[in-house]
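Open the model in your viewer and keep the selection panel handy. We will go from pocket to pocket and then along the sheet.

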Amino acid sequence: MLDVGEFTQANVTFIIGQGHRLTFEDLLRSFDIPGAPATERLAKALDFPAEAFDAILVWDILEHFPPPVAQAIIPRLHRILRPGGILFACFHAEAKDNMVDAFSFRIADGKTLLLQPRGRRRLAQTLNNRSIEKLFAPFASVKFFLTRDSIREVIVRK
């Protein structure tokens, strides 16, 4: 399993406890570092062998990237996910002035995802359901679930 979001001990404990191997790459943080242009950082991002992962946790990071960067990340995620593999992503359902409550996503158990508030953050893009479907066009299926926290959970299958 690959987690491209923020490192949290709760997620490590849960995933390892389920018997899975876990790899981390804090994708958003690697792009927040000043210096190298986004194209250079993208060239180094998600540098894993093809079909290396059964599952990828993307959380809400895609909406924090400008559209060209997010669109360039999707083929990389598709390449490293095994056929039949699952990708989990979240998108804010309501964004006023592109400002949203930022969360740290923590897996509590097999049925509960806790959202730990981390202030507010400006989105680089706001995606509706149709634009999310277009973003994940290379994948076989996209399913949406709306949570009580105005977060759309999206499960994508390769």
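Start by selecting strand 5 (99-109): with 4 residues, strand 5 gives the most to the lining of the second largest pocket. Strands here are DSSP runs of E with at least two residues, helices are runs of H or I with at least four, and both are numbered from the N terminus. A pocket is found on a 1 Å grid over the protein atoms alone, as an open set of points where a 1.4 Å probe fits, with protein on both sides within 12 Å along at least five of seven lines; lining residues have an atom within 4 Å of a point. This is a predicted model, in which local features need pLDDT of at least 70 and side-chain atom pairs pLDDT 80 or more, while totals for chains, interfaces and linings use all residues. Residues are numbered from 1 along each chain as its sequence is written, and side-chain values use heavy atoms, without hydrogens and water.

The volume is about 270 Å³, taken as the space filled by probe spheres set on grid points joined across faces, edges and corners. Colour the lining by class and you get 6 nonpolar, 5 polar and 7 charged residues. Here Ala, Val, Leu, Ile, Met, Phe, Trp, Tyr, Cys and Pro count as nonpolar, Asp, Glu, Lys and Arg as charged, and the others, Gly among them, as polar.

Next, move to the largest pocket, with about 450 Å³ of space. Select F14, L57, F88, I107 and G110, the closest to its centre of 19 lining residues. Strand 3 provides the largest share of this lining, 4 residues. By class, the lining has 12 nonpolar, 4 polar and 3 charged residues.

Stay on strand 3 and show its neighbour: strand 3 and strand 4 pair in the parallel sense over 5 bridges, where pairing takes at least two DSSP bridges between two strands. Pick A55 and you will find its bridge partner I86 in strand 4.

Which residue of strand 8 is the bridge partner of I86? Select R157 to see that partner; strand 4 and strand 8 run antiparallel, joined by 7 bridges.

Finally, zoom out: 6 strands form an open, mixed sheet in the order 2-1-3-4-8-7.
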